[in-house]
Amino acid sequence: MTTSSTPHDRPAARRTRLFFWEEAVEDWQTGRAQERRPEFSEYVVRNLRALREGVGREAGTVSSMRSVHRVPLRNDGCERLPGRYIAEHHTLALFGLHQHAAAEPVHRPGAGLGTACLLLRRSGAMTQTAVERRLFAAATAQDLNELVQHLQRLVPLLRRAGIGLDYTRLFGELARWDEPGRNRVLRSWGLQYTDPGTPDQADGEVAGERAPYWVTFDPGSPDAQAELAALRSGTGREPGTVAAMWPFHRTRMASEWRNKGALTRDLAAEHTALTLFARHQQTHNRPMHVAGHSPGTAAGLLARKAAAGSEGRAATAALERRFGVLLTSADADELAMHLRSLVPLLSKAAIGLDYDLLRTALRSWDDPRRPDAATGWRQRWDRDFHTAATS
């Protein structure tokens with residue numbers, strides 16, 4: 001389950017001239033190569049001043065910026081500016097704000113916004129809470145203008161910490177913000193920000209494997225309920241696009257796929273498991289992640305408990321039918337739908353579930369490379385159900 005690249009992710013084959021922020025880097029590097037003090041030429045300095053005039057201004061209204069635009073305007077009589085021209089205006093203004101008084105070029109190819117915020121957090125210049133508040137505010141912006149306002153407050157913080165940003169990438173992201181491509185942008189920011197392979201500043205080594213959230217969850221933590229609420233907000237949402245969930249993801253992924261905002265089976269399975277766990281845990285004062293409790297075992301224990309109640313055999317038969325429907329799930333999405341109906345019943349009965357196992361099942365249920373996976377899960381869970389229900 002990986003998404004293919006979009007035209008915005010590929011180099012612009014027809015682009016004949018560098019964007020201004022790319023020209024600025026080339027200008028600075030030329031000065032260094034000529035063994036003179038590395039600094040920007042008067043051409044770049046003058047235009048940087050012009051860019052800062054565009055901060056907070058409407059695209060096309062700042063005459064001094066027109067010469068640095070590279071997106072052409074159509075001569076078709078349309079009064080509305082093209083979306084890419086508007087996106088370039090905002091990108092130029094942000095670059096001018098970011099580059100102002102910075103000793104080196106701040107356009108850093110490959111440094112997405114999520115990566116920049118991760119580096120800002122690791123720099124110690126701001127607390128994790130402060131960084132995430134600003135990143136999440138940008139990620140939840142309702143439209144391009146609101147997003148730009150948040151970025152105008154974030155960019156100076158990156159400059160003070162000496163952290164750069166890929167402005168060519170940002171331009172593409174701004175151009176897609178009010179289009180269907182927004183989810184892919186959000187996913188790339190979240191994946192970059194939670195990248196477990198980023199070297200730790202303290203020792204320069206790659207961080208070790210982090211246990212899934214449901215394994216480390218502490219019901220007694222003062223933040224427990226707020227964390228669970230954040231995870232429940234992702235129910236029914238596209239994996240990787242819910243900013244409040246980003247700190248709880250542990251999925252490892254190649255940097256190339258992170259930067260593309262790829263929707264992989266691993267990420268989708270973890271997202272579903274996190275949202276189910278949050279609904280399951282709710283107000284319980286003991287962990288609902290119980291190793292070894294497959295959905296079959298948990299449903300069987302629920303059936304046994306129901307048999308002892310007032311409805312007796314009828315309740316057990318109803319649960320058996322419900323579980324049988326779950327086992328017939330054709331794909332991971334259908335399996336997740338049935339689990340969302342089962343989990344509240346387990347929560348009410350205080351019966352736990354193995355979320356490590358559940359994530360693995362969701363990951364492999366309809367994987368074309370493992371055509372027999374679903375059959376294996378069905379047989380195992382069916383045995384578990386009858387063993388738990390009758391023992």
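The protein has 17 helices and zero strands. What you are looking at is a predicted model, so please keep that in mind throughout. The chain has 391 residues, and buried residues make up 49% of them. As for overall dimensions, the C-alpha trace spans about 85 × 50 × 35 Å along its principal axes.

A word on contacts in the chain as a whole. Take the contacts with a separation of 6 or more: residues 24 or more positions apart account for 73% of these.

Now to a pocket. The largest share comes from H6, with five residues.

Is Gly-96 buried or exposed? Its relative accessibility is 0%, and buried means under 20%, so Gly-96 counts as buried. What does Gly-96 touch, once its neighbours within four places in sequence are left aside? The contacts are Leu-48, Leu-51 and Arg-52. For a sense of distance, take Ala-139, which is 43 residues from Gly-96 along the chain. The C-alpha atoms of these two residues are separated by 22 Å.

The second residue I want to show is Asp-354. Find helix H15, at 332-349, and helix H16, at 355-364; Asp-354 is in the loop between them. Asp-354 is buried, yet it has no salt bridge. How far away is the nearest side chain of opposite charge? That side chain belongs to Arg-380, and the distance is 6.2 Å. A salt bridge would need a side-chain nitrogen of Lys or Arg within 4 Å of a carboxyl oxygen of Asp or Glu.

The side chain of Asp-354 does have a backbone atom to point out. One of its polar atoms lies 3.0 Å from the backbone nitrogen of Leu-357. Again leaving aside neighbours within four places in sequence, Asp-354 is in contact with His-289, Val-290, Ala-291, Gly-292 and His-293.

Note on methods
Residues are numbered from 1 along each chain as its sequence is written. This is a predicted model: local features need pLDDT of at least 70, side-chain atom pairs count only at pLDDT 80 or more; totals for chains, interfaces and linings use all residues. Side-chain values use heavy atoms; hydrogens and water are left out. Buried means under 20% relative accessible area, exposed over 50%, partly exposed in between (1.4 Å probe, protein chains only). Contact means heavy atoms within 4.5 Å. Helices (H or I, at least four residues) and strands (E, at least two) are DSSP runs, numbered from the N terminus. Lys and Arg count as positive and Asp and Glu as negative; His and the chain ends are not counted. A polar contact is a pair of N or O atoms within 3.5 Å; within protein, one must be able to donate a hydrogen and the other to accept it, and residues adjacent in sequence count only if both atoms are side-chain atoms.
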